[in-house]
Amino acid sequence: MLSAGRTTLIALTALAPVSWGTTYAVTTEFLPPDRPLFTGLARALPAGLLLIALARVLPRGAWWWKAAVLGALNIGVFFPLLFLSAYRLPGGMAAVVGSVGPLFVVGLSALLLGQRPTTRAVLTGVVAAFGVSLVVLKAAGGLDVLGALAALASAASMSTGTVLTKRWGRPEGVGPLALTGWQLTAGGLLIAPVALLVEGAPPALDGAAVGGYLYLALANTAVAYWLWFRGIGRLSATQVTFLGPLSPLTAAVVGWAALGETLTPVQLAGMALAFGATVAGQRASRAKTGTGLVPFSSPSKNGRKDSMDLTGPGLRR
């Protein structure tokens, strides 16, 4: 049994991928078409500046370049690729490629954190990806190769950023609000010149688009990423990793409830498999790491991590 405090923390962290699961519907229904770079910029930079203003803390020393690297991986590269895949792939198909994120993280954790992959983690990741594929791989017609590659690259970028976030921790006295703001701002600043060069001036926005961008910047980004990085700091690697499938599952539910899409028995079975893998990921971590929450410490003076959890087989997203 998971403790009440751990269950609450898992539930709050899970709100991030649940929120991200609404991105596809908002992008296709409310935002200007074919503007993935501007959309990524509008989502990241205002949210980052808001969080920095609230935290009132700027990076110091090595954290200037670390925040830039994390911002590039988690935001600056990830967002444009995510929106490119959302524009080019139907329904939740972009999300199925992202569901391989846990498997990416298993391998990256072996390289960057020295964690040996476990059979249970790999099997759970495969089951999660298979379940998600049953849910979203239903559209007729050929697969858009560029959209699929963009989705795959976005998953790889976010997975690398998540593992590095766990490896580096955060500076002493700095909370997840400031760390999130640094990354969102750095990522937004990286996207801005590329968006201007590739897409030109910002598009004209109607009321629906303004509302969509406000939702993406505030609830879907500022709040969701704060919860996500807070969870990375306190949960074990495996638990964070296997919350990821909640995003495509949410996308499928939103498509059914709001966009008139149907859910077949095969899709429902896939949802059950993917959700079961998510739960199994939490319980596997419980058995491996015990009952206490994992602290998110900063590096000690000799450069080693004082109390960072390095026992789980991987991270996500």
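Biologist: Let's start with P171: buried or exposed?
Modeller: P171 is buried, with a relative accessible area of 14%. Buried here means under 20% relative accessible area, exposed means over 50%, and partly exposed is in between, using a 1.4 Å probe and protein chains only.

Biologist: And where does P171 lie?
Modeller: P171 lies in the loop between α9 and α10. Helices are DSSP runs of H or I with at least four residues, strands are runs of E with at least two, and both are numbered from the N terminus.

Biologist: How far is the C-alpha atom of P171 from that of P59?
Modeller: Their C-alpha atoms are separated by 8.5 Å, and the two residues are 112 residues apart along the chain.

Biologist: Before we go on, what should I know about the source of all this?
Modeller: This is a predicted model, and residues are numbered from 1 along each chain as its sequence is written. Local features need pLDDT of at least 70 and side-chain atom pairs count only at pLDDT 80 or more, while totals for chains, interfaces and linings use all residues; side-chain values use heavy atoms, with hydrogens and water left out.

Biologist: What is the mean pLDDT, then?
Modeller: The mean pLDDT of the protein is 80, and 82% of its residues reach 70 or more. That score is the predictor's confidence in each residue, from 0 to 100. Over residues 287-317 the pLDDT is below 50, and in the model this stretch has 107 contacts beyond near neighbours in sequence. A contact means heavy atoms within 4.5 Å.

Biologist: On to aromatics. How many aromatic pairs are there?
Modeller: The count comes to 8 aromatic pairs. Rings of Phe, Tyr and Trp (its six-membered ring) pair if their centres lie within 6.5 Å; planes under 30 degrees apart count as stacked, over 60 as edge-to-face and the rest as tilted.

Biologist: Why is the pair of W63 and W182 called tilted?
Modeller: The ring centres of W63 and W182 are 6.2 Å apart and the planes are at 50 degrees, so the pair is tilted. W63 lies in helix α4 (residues 63-76) and W182 in helix α10 (residues 176-199), so this pair ties together parts that are 119 residues apart in sequence. W63 is buried at a relative accessible area of 7%, and W182 is buried at 4%.

Biologist: What about W65 and W168?
Modeller: Their ring centres are 5.4 Å apart with planes at 80 degrees, so the pair is edge-to-face. W65 lies in helix α4 and W168 in helix α9 (residues 145-168), so the pair ties together parts that are 103 residues apart in sequence. W65 is partly exposed, with a relative accessible area of 48%, whereas W168 is buried, at 11%.

Biologist: Which residues do ring pairs link into a cluster?
Modeller: That cluster holds W20, F78, F79, Y225, W228 and F229.

Biologist: Switching to charges: how many salt bridges does a search of the whole structure find?
Modeller: The search finds 1 salt bridge. The term needs a side-chain nitrogen of Lys or Arg within 4 Å of a carboxyl oxygen of Asp or Glu. Here the side chains of E199 and R35 meet, at 3.3 Å from N to O. E199 lies in helix α10 and R35 in the loop between α2 (23-30) and α3 (36-55), so the pair ties together parts that are 164 residues apart in sequence.

Biologist: Are those two buried or exposed?
Modeller: E199 is buried, and R35 is buried too.

Biologist: What is the phi of D34?
Modeller: D34 has a positive phi of about 60 degrees, although it is not a glycine. D34 lies in the loop between α2 and α3 and is exposed, with a relative accessible area of 59%. R56 also has a positive phi, near 55 degrees, and is a residue other than glycine. R56 is found in the loop between α3 and α4 and counts as exposed at 76% relative accessibility.

Biologist: Last one: which residues does T185 touch?
Modeller: Not counting residues up to four places away in sequence, T185 touches L45, G48, L49 and I52. T185 is found in helix α10 and counts as buried at 10% relative accessibility. A polar atom of the T185 side chain lies 3.4 Å from the backbone oxygen of G48.

How values were computed
A polar contact is a pair of N or O atoms within 3.5 Å; within protein, one must be able to donate a hydrogen and the other to accept it, and residues adjacent in sequence count only if both atoms are side-chain atoms.
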